[in-house]
Amino acid sequence: MRDEVGVIVPAYNEAHQIAKTVFDLKTQFSVIIVVDDGSADKTSDEARKAGAVVIRHIANMGQGGALQTGFRFALEQTHLSYIATFDADGQHRVTDLAQMHDYLTQNPETEVVIGSRFLTEKSITMIPSRRRLILRLGTWVSRSIHNIKITDTHNGLRIFKRQALSRFELKLFGMDHASEILEELSKKQIAFAEFPVEIAYSEYSQSKGQSSLNAFRILYNFFVHRNI
Amino acid sequence: MTFKFIVLGLIVFCSLAAILLRRLRLIRPLTAFAFSFLIFTILLELFFYREFDELSLFFGVENSADLLTYLSIPVLFILILKLYVNQVLNVRRVNRIITELALEDARKTLQIHRDEQ
């Protein structure tokens with residue numbers, strides 16, 4: 001059991017899936033923090049029953065907002081050495097996160113490990129073609145803007161060392177937080193590495209996931225809201 | 001000519017709306033002042049258009065209505081931008097309050113849990 005890792009799971013209307021996600025995480029990690037982002041269903045109850053620490057927003061703020069709340073809670077209320085993020089819809093594998101943690105402990109110079117779907121041929125073929133195109137475009141944009149070598153910009157599977165996370169200054173509340181995290185990595189020169197992960201695109205996760213057209217909104221929000 | 005009057009009508013409408021919004025304390029005084037300035041210029045244009053035409057020649061524009069239209073575009077742009085920025089900042093403030101409430105609640109729950117242990 002990895003007691004020094006806290007896993008933050010932002011969740012919005014995930015009552016059907018959250019218990020399974022928490023149970024899966026509990027096989028490897030002892031501290032699971034579910035941030036219920038103003039769900040209208042029983043996400044909080046299900047997560048609590050499954051054994052997670054639950055933080056509940058009274059209104060929906062967006063995934064970035066949920067992560068910010070989770071990060072603050074982890075930094076202020078716990079002494080965890082590593083803080084990870086994990087999507088609630090069950091598309092990530094717990095084994096990938098465990099391996100990312102191993103990588104981080106074995107490489108002291110690395111401060112953040114980000115999952116990538118574009119490092120192995122197998123994981124690339126698992127991505128639906130339209131989404132693959134949008135992600136590639138997003139990656140190209142991110143690489144150009146942030147001057148950062150990255151292959152997957154919007155992967156929800158990440159693990160941070162506590163000291164590194166405390167240096168982040170995040171202010172975007174929507175899905176654009178992923179670009180903001182990359183910007184912070186680049187601006188503050190935080191050493192990071194990418195790790196090959198697989199995403200299970202189930203019917204459920206695709207129905208819960210972002211529309212491809214949302215990429216343009218994310219881009220707009222990142223450019224406009226970041227500068228306000 | 002019709003277009004110019006439509007633009008002028010729109011500006012008058014926006015200005016009156018601004019005054020009303022300020023009366024209801026929904027916008028800041030500076031924003032209301034900017035709209036009032038627009039109203040003042042429009043009134044000048046309507047009642048003293050000959051003098052205003054002479055003034056506009058100074059800026060190299062033959063017709064004062066043209067000058068007013070050119071001037072109003074950046075002013076309106078700035079005002080709309082200001083409203084948009086304020087809206088974004090307000091959403092951010094509300095989100096911060098939601099975060100604080102959630103964290104406070106979680107802290108209390110955690111404390112109760114620790115006390116029980």
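A salt bridge here is a side-chain nitrogen of Lys or Arg within 4 Å of a carboxyl oxygen of Asp or Glu. With that rule in hand, let's start where the two chains of this predicted model meet. Across the interface of chain A and chain B, the rule finds 2 salt bridges. One to look up in the viewer is the pairing of Glu76(A) with Arg107(B), whose closest N and O atoms are 3.0 Å apart.

Which elements of chain A each supply at least two residues of the side that touches chain B? They are β3 (53-56), α3 (63-77) and α10 (214-225). Of these, α3(A) gives the largest share, 5 residues. By type, that side of chain A divides into 10 nonpolar, 4 polar and 4 charged residues.

Now for the extent of the interface. The size of an interface is often given as the accessible area lost when the parts come together. Here chain A and chain B bury about 1,700 Å² between them, and 65% of that lies on carbon and sulfur atoms. On the chain A side, Arg72(A), Gln77(A) and Ile228(A) lose the most area to chain B, together 33% of what that side buries. In residue terms, 18 residues from chain A and 16 residues from chain B take part in the contact.

Next, let's step away from the interface and look at the nonpolar cores. The largest has 29 residues, and Val7(A) and Val34(A) have the most contacts inside it. In chain A, β1 (2-11), α1 (18-26), β2 (29-36), β4 (82-85) and α4 (94-106) each supply at least two of its residues, with α4(A) providing the largest share, 5 residues.

Finally, a word on the backbone. Most residues other than glycine have a negative phi. Asn13(A), in the loop between β1 and α1 of chain A, has a positive phi near 50°. Gln189(A) also has a positive phi, of about 50°, although it is not a glycine, and its place is in the loop between α8 (177-187) and β7 (192-196) of chain A. Are these two residues buried or exposed? Asn13(A) has 25% relative accessibility, so it counts as partly exposed. Gln189(A) has a relative accessible area of 71%, so it is exposed.

Note on methods. Residues are numbered from 1 along each chain as its sequence is written. Chains are lettered from A and ligands numbered from 1 in the order in which they are written. This is a predicted model: local features need pLDDT of at least 70, side-chain atom pairs count only at pLDDT 80 or more; totals for chains, interfaces and linings use all residues. Side-chain values use heavy atoms; hydrogens and water are left out. Contact means heavy atoms within 4.5 Å. Buried area is the accessible area (1.4 Å probe) that two parts lose on being put together, summed over both. Helices (H or I, at least four residues) and strands (E, at least two) are DSSP runs, numbered from the N terminus. Ala, Val, Leu, Ile, Met, Phe, Trp, Tyr, Cys and Pro count as nonpolar, Asp, Glu, Lys and Arg as charged, and the others, Gly among them, as polar. A nonpolar core is a set of buried Ala, Val, Leu, Ile, Met, Phe, Trp, Tyr and Cys residues joined through side-chain atoms within 4.5 Å. Buried means under 20% relative accessible area, exposed over 50%, partly exposed in between (1.4 Å probe, protein chains only).
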